[in-house]
Amino acid sequence: PLSLHDALPIYKIIPFKRKYFCANHKIKNKRNELIQLVSWSKDGKIWYDTNIMAHDDKHQFCEASVVNVKNQYMIAYLRDNSGHKKNIYSVRSLDGIKWSEPNKLDIFGQRVTALKRFNNEVIGSFRNTDNTNVSLFTHNLNNNKIKIIDIEEEYDYNQYHYGYTGLVESD
């Protein structure tokens, strides 16, 4: 087991079905190939790093943003770090242990930060590598439709220099 102090980089801790989950990725070999993992904890003090969220030989999955959907399942949005202008993927889990095969979404970009909204909808911010800007998306989980809203344009001489985007819930 890992202690919280020894854990891999923590993105966001998600409570789900009386446990806590946190996505992290690690380098799996000398070629810097990545594997997307998820750690879990019963109490938030001791963390276990045993579950593979996404991995295959053609993609470099990383930077997962996990959302708890009504405590029924979790959905995670993943970056494919195998090059620029790559699709974002999603995976789902009913228990945080077993995850679905990655589903390619009609979004090109990196560094998603996602939050659950009302009526089975997720909102996310991301670095959009299709339009070279920062964008938001809404993902209707009932019909799997995605809408993209561009919020800031990057200048040609400064391509892909946006850092991590972020969203915060507020009352």
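This report describes a predicted model of one protein chain, from its overall fold to selected residues.

## Basis and confidence

The model is predicted; local features need pLDDT of at least 70, side-chain atom pairs count only at pLDDT 80 or more, and totals for chains, interfaces and linings use all residues. Residues are numbered from 1 along each chain as its sequence is written, and side-chain values use heavy atoms, with hydrogens and water left out.

The pLDDT, the predictor's confidence in each residue on a scale from 0 to 100, averages 81 over the protein chain. A score of at least 70 is reached by 82% of the residues. Strand β8 has the highest confidence, with a mean of 93, and strand β1 (residues 2–3) the lowest, with a mean of 40. For residues 1–10 the pLDDT is below 50, and this stretch has 20 contacts in the model beyond near neighbours in sequence; a contact means heavy atoms within 4.5 Å. Where pLDDT is low, the predicted coordinates should not be read in detail.

## Overall fold

The protein chain has 12 strands and 0 helices. Both element types are DSSP runs numbered from the N terminus: helices are H or I runs of at least four residues, and strands are E runs of at least two. The order along the sequence is β-β-β-β-β-β-β-β-β-β-β-β.

The protein chain has 171 residues, and 44% of them count as buried. Buried means under 20% relative accessible area, exposed means over 50%, and partly exposed lies in between (1.4 Å probe, protein chains only). Among contacts between residues at least 6 apart in sequence, 39% join residues at least 24 apart.

## Nonpolar cores

A nonpolar core is a set of buried Ala, Val, Leu, Ile, Met, Phe, Trp, Tyr and Cys residues joined through side-chain atoms within 4.5 Å. The largest one here has 17 residues, and Met 53, Val 66, Met 74, Ala 76, Leu 78 and Trp 99 have the most contacts inside it. Two or more residues come from each of β2 (14–16), β3 (19–27), β4 (34–41), β5 (46–54), β6, β7 and β8 (87–93). In soluble globular proteins, nonpolar side chains tend to be buried together.

Setting aside residues up to four places away in sequence, Leu 78 touches Gln 36, Met 53, Ala 54, Phe 61, Cys 62, Ala 64, Ile 88, Tyr 89 and Val 91.

## Salt bridges

The whole structure contains 3 salt bridges, each defined as a side-chain nitrogen of Lys or Arg within 4 Å of a carboxyl oxygen of Asp or Glu. Glu 63, Arg 79 and Arg 111 are linked in a network of such bridges. Between Arg 79 and Glu 63, the closest N and O atoms are 2.9 Å apart. This pair joins strand β7 (residues 73–80), which holds Arg 79, to strand β6 (residues 61–69), which holds Glu 63, across 16 residues of sequence.

Glu 63 also forms a salt bridge with Arg 111, at 3.7 Å from N to O. Arg 111 lies in strand β9 (residues 103–116), 48 residues from Glu 63 in strand β6. Glu 63 is buried because its relative accessible area is 8%, and Arg 111 is buried at 17%. Arg 79 is buried too. Another salt bridge pairs Arg 117 with Glu 121, with the closest N and O atoms 3.1 Å apart. Arg 117 is partly exposed at 29% relative accessibility, whereas Glu 121 is buried at 16%.

## Strand β4: Leu 37 and Ser 41

Leu 37 lies in strand β4 and is buried, with a relative accessible area of 6%. Its C-alpha atom is 5.4 Å from that of His 25, which is 12 residues away along the chain. Beyond neighbours within four places in sequence, the contacts of Leu 37 include Cys 22, Asn 24, His 25, Asp 49 and Met 53.

Ser 41 is also found in strand β4 and counts as buried because its relative accessibility is 0%. The Ser 41 side chain reaches the backbone oxygen of Ile 46 at 2.8 Å, within the polar-contact limit (a pair of N or O atoms within 3.5 Å; within protein, one must be able to donate a hydrogen and the other to accept it, and residues adjacent in sequence count only if both atoms are side-chain atoms). Apart from residues up to four places away in sequence, Ser 41 touches Lys 19, Tyr 20, Ile 46 and Trp 47.

## Cysteines

The structure holds 0 disulfides, a disulfide being a pair of cysteine sulfur atoms within 2.5 Å. Cys 22 is buried, with a relative accessible area of 2%, and Cys 62 is buried at 2% relative accessibility.
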